[in-house]
Amino acid sequence: MSEKAGRYGEYGGQYVPETLMTAVHEVEQAYEHYKNDPEFVRDLDELMRNYAGRPSMLYYAERMTKDLGGAKIYLKREDLNHTGSHKINNVLGQVLLAKRMGKTRVIAETGAGQHGVATATAAALMDMECEIFMGKEDTERQALNVYRMELLGAKVHPVTSGTMTLKDAVNETMREWSKRVDDTLYVLGSVMGPHPFPMIVRDFQSVIGKEIKAQLMEREGRLPDAVIACVGGGSNAMGAFYEFIPDTQVELIGCEAAGLGVDNPKNAATIANGTKGIFHGMKSLFCQNEFGQIAPVYSISAGLDYPGIGPEHAMLHETGRAKYVPITDEEAVQAFEYLSRLEGIIPAIESSHAVAYAMKYAKELPKDKIVVINISGRGDKDVAAIARYRGVKIYE
Amino acid sequence: MSRIQEAFTHGKAFIPFVTGGDPDLETTEALIYEMAKQGADLIEIGIPFSDPIAEGPVIQEADERALRAGCTTDKLFALVERVRKTVTIPLVFMTYVNPIYSYGSEKFMANCKQVGIDGVIVPDLPFEEKEELNPVCRQYGIELISLIAPTSKERIKSIAKEAEGFIYCVSSMGVTGVRSEITSDIGGMVALVRQVTDLPVAIGFGIATPKQAEDMAGYGDGVIVGSAIVKMIAEQGRESVKAVGDYVAKMKAAANRT
């Protein structure tokens, strides 16, 4: 893997307009400098511990384990982080970097709103101007998060172009960045986009896997047999997987959103249905037609409703180091309800895709195996949508 | 001298852009004949893309209209093959890297050569990633047009040194679209290009009025106009052909007033 060129096998790269090239190089140089700067590392560590609440807990889900009757299940509780998801790990790093670069304004895309809320939070904390781009459809699905971002001082722009979801929010944030690069950093929310973003986001999220390894070593004295995480762009999964890539005995499983089913046009399962393409700054796999037009995708989860996947995941899939499985809306909703009732933990609908696969998989494994599920976020934001899905009327 | 470079030998070049298939293929074809007749020196034909990240709202909407109307890359190859029977000025495709890559870069360039496309402009293929298409472009004699932007600074010389056809000088930051004012140091950008190459420089992004065409032509060898034309097509649809032709004649004249 030639990381210098931002490549993961043949995937990755820097496919952005010339107007953004100088900005992208500037981020790359700043990151290469600050990632080894003791003061930066110390400040970020302080924020991670005392602001975000790290390390997040590794919880033994005893009732779930007994109920399924197979492998021992641990939950990595990223839902307990400040702002309610793993997104804060990356955002604290990137906004701190923006601050060091002398930027005064951050912009970001958001799907479910988790990355938008995290970015607005970090911007408030570090006194930066903040603007969030969110597909109009998602602003409706996640109205509470829109208000939350505004409360934190961010300006939220509903995006009305294209399919009005996450991919269009990314388009619009890139367009906005190309208008104003001098004082602005685009805080990308996933392990995607042009180099150096897939690397930066992975590095800031890799704390998840490092903690899992240390915590499980302490509890069980060994490595897990499988690490399971949901994948949209793939940041929580890459964060959970990265530390374990050299430990080839650890199975890495990414769960993508199959919507109404992989054979139904309404899905967002990029690994199952995607083909090679170059979009949003990277060569990777995308849901698209024969002429390279990006497909409108669908998932109940706004955070997984994306037609592509980070380039490093595309490589892990190709080499077979990680495997990727599709999970339908219905399976995810059942898992959402299951974990709520059995463990008293309401997972994000995104993370519920990982829980759903673990429910099928742990059952098949013997009792001496250990499976870790990354609960990437909490499900409070999804309660109204799940009620709607189940036909229950809620007066908010 | 390539056919593209020759386009810059009839005074300052005027380069109009239309989104292929907007509002339909017949209108695009009629527009190409009319613009060529009215003095366009080179025509850019946009292959519509679902997610055109370098475009402002006007061209975004044109792409959406064209795709909804059923425009595909294959239909545009067929269109170019038809117009090539009578149109002799250079024609270039403007599209994003994915429609080319997904189609098969080699097949795409082979078809370009066969139907008579002279070059391609790919805004999301920067200098660093040029090798993605450059070898196949070379193989089929399709010129890969390089872009420079106001932030390019020291990159300009490296880009210009390896450029082909002409240099596309992006006048302003941001996306395509009409602007009331262009404030970048275009003269400075062009001067850097001139230090390393004799290739013509065409200036685009934000140009709409004859006055702007005149001013910008003063800095380079030609001007490119997209959104202003696409807006006329959006407003007048199939009836836009004559108005666009008149506009092209007016802009070509304005560019040569200097």
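Helices (H or I, at least four residues) and strands (E, at least two) are DSSP runs, numbered from the N terminus.

**Basis.** I am reading a predicted model, in which local features need pLDDT of at least 70 and side-chain atom pairs count only at pLDDT 80 or more, while totals for chains, interfaces and linings use all residues. I count residues from 1 along each chain as its sequence is written, with chains lettered from A and ligands numbered from 1 in the order in which they are written.

**Sheet.** I looked up strand S9 (residues 226-231) of chain A and found that 3 bridges join it to strand S14 (residues 370-375) of chain A, the two running parallel. In this pair I noted Val227(A) opposite Val372(A) of S14(A). I then followed the open sheet of chain A, whose 6 strands come in the order S3-S4-S14-S9-S10-S13 with mixed pairing. Strand S3 (58-60) and strand S13 (322-328) of chain A are at the edges with a single partner strand each, so one side of each has no neighbour in the sheet. On average, neighbouring strands of this sheet are turned by 30° against each other, direction ignored.

**Helices on the sheet.** For contacts I used the rule that the C-beta atoms of two residues, placed from the backbone, lie within 7 Å; for angles, which run from 0 to 180 degrees between N-to-C directions, axes are lines fitted to C-alpha atoms, for helices over the stretch in contact. Helix H13 (residues 311-319) of chain A packs on the sheet and touches S9, strand S10 (251-259) and S13 of chain A, its direction making about 110° with that of S13(A). Helix H14 (residues 329-343) of chain A also packs on the sheet, where it touches S10 and S13 of chain A, and its direction makes about 90° with that of S13(A).

**Domains.** I found chain A divided into domain 1 (25-48 + 87-201) and domain 2 (54-84 + 206-389), with bounds from an automatic or database domain assignment. Their contact takes 30 residues from domain 1 of chain A and 31 residues from domain 2 of chain A.

**Chain contact.** Finally I looked at where chain A meets chain B, a contact that takes 26 residues from chain A and 31 residues from chain B. Which helix gives the most to the side of chain A that touches chain B? I found that H8(A) does, with 6 residues.

Notes. Pairing = 2+ DSSP bridges.
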